[in-house]
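User: Could you go through this structure with me? I'd like to talk about charged pairs, strand pairing and backbone angles.

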Amino acid sequence: MAKFTVYFKDNAIHTGVFDSGVVHIGRDETNDLVVDSLAVAPAHAVAVIKDGTCVLKQLNEKFPLLVNDQHTKEWSLQNNDIINIGKHYIVYNTTDEFSEKVLVSTPADFGDADVRALNEKLEDAVKSPEANLQVLNGMHIVRILRLKKAMTRLGHEGAGVIVIARRKDGYFLSALQGHEGLAINDEPLGDRTVQLQRNDVIVVDSTSMQFFLD
């Protein structure tokens with residue numbers, strides 16, 4: 001798992017923990033990590049988390065991407081690496097490295113109160129409404145898929161793959177691989193990131209699933 005903490009002037013603003021999938025970073029509010037600055041592109045970068053690795057990729061050449069103050073287009077992130085974008089920066093940690101020692105190694109202004117506040121935010125996210133997908137057709141009809149993880153990946157290579165990101169303000173659907181055969185409410189998903197609403201119907205490789213909240 002990976003933890004990203006966004007800072008501004010050495011003050012922690014918000015954090016996100018992800019176990020796999022693609023983490024979108026940028027100014028637009030649909031991103032997984034939102035950095036509210038004109039120095040940041042609406043879609044600035046993505047971090048691809050897979051098999052214990054995390055690779056950061058630049059999305060917009062007009063907006064520079066720096067890791068540990070070095071210009072880069074692609075970077076394999078290591079524990080405690082710092083992503084510099086505009087006047088903000090993001091500290092990357094692997095969750096198996098979380099400890100008091102790691103926390104106190106972050107900027108001086110990031111004290112115990114900030115740690116408690118971030119932990120409370122994480123707890124609030126966990127307490128967000130549970131959501132599920134119900135399969136509507138095929139051999140697994142009526143099966144219930146529970147969306148408990150921060151990132152849920154569905155589909156398979158060659159037929160399209162989607163990711164559903166669980167955030168404090170809801171569940172967000174986007175395409176991870178391919179676009180053909182991916183749809184929501186009878187409309188192609190394309191490159192959109194869509195906030196899911198009750199009774200939305202998602203199609204992945206001819207399998208229809210309905211989104212609902214507990």
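Analyst: Glu130 counts as partly exposed, since its relative accessibility is 29%. Please keep in mind throughout that this is a predicted model.

User: Which residue does Glu130 meet in a salt bridge?

Analyst: The partner of Glu130 is Arg166, and the N to O distance in this salt bridge is 3.5 Å. Because Arg166 lies in strand β15 while Glu130 sits in the loop between α2 (112-126) and β12 (131-135), the pair ties together parts that are 36 residues apart in sequence.

User: And is Arg166 buried or exposed?

Analyst: Arg166 has a relative accessible area of 15%, and because the cut-off for buried is under 20%, Arg166 counts as buried.

User: How many salt bridges does the structure hold?

Analyst: There are three salt bridges in the structure. One of them joins Asp32 to Arg167, with the closest N and O atoms 3.1 Å apart. This pair links distant parts of the chain, as Asp32 is in the loop between β3 (21-26) and β4 (33-34) whereas Arg167 is in strand β15 (residues 161-167), and the two are 135 residues apart.

User: What else does the side chain of Arg167 reach?

Analyst: The Arg167 side chain reaches the backbone oxygen of Thr30 at 2.6 Å, and it also reaches the backbone oxygen of Asn31 at 3.1 Å.

User: Where do Glu61 and Lys73 lie?

Analyst: The side chains of Glu61 and Lys73 meet in a salt bridge with an N to O distance of 3.7 Å. Glu61 lies in the loop between β6 (53-58) and β7 (66-67), and Lys73 lies in the loop between β8 (70-71) and β9 (74-76), so this pair ties together parts that are 12 residues apart in sequence.

User: OK, switching to the strands. In what order do the six strands of the open sheet run?

Analyst: The order in this open sheet is β13-β12-β21-β20-β17-β18, and the pairing is antiparallel. Its edge strands are β13 (144-146) and β18 (187-188), each of which pairs on one side only.

User: Over how many bridges do β17 and β20 pair?

Analyst: Strand β17 (residues 182-184) and strand β20 (residues 201-204) pair over three bridges, in the antiparallel sense. Within this pairing, Leu182 stands opposite Val204 in β20.

User: Where is each of them found?

Analyst: Val142 is found in the loop between β12 and β13, and Ser206 is found in the loop between β20 and β21 (207-213).

User: Are those two residues buried or exposed?

Analyst: Val142 counts as exposed because its relative accessibility is 54%, where the cut-off for exposed is over 50%. Ser206 likewise counts as exposed, with a relative accessibility of 59%.

Technical notes. Residues numbered from 1 in each chain as written. Predicted model: local features only at pLDDT ≥ 70, side-chain atom pairs only at ≥ 80, totals over all residues. Heavy atoms only, no water. Salt bridge = Lys/Arg side-chain N within 4 Å of Asp/Glu carboxyl O. Helix = DSSP H or I, 4+ residues; strand = E, 2+ residues; numbered from the N terminus. Buried < 20%, exposed > 50% of the residue type's maximum accessible area, 1.4 Å probe, protein only. Pairing = 2+ DSSP bridges. Polar contact = N/O pair within 3.5 Å; in protein donor to acceptor, adjacent residues only side chain to side chain.
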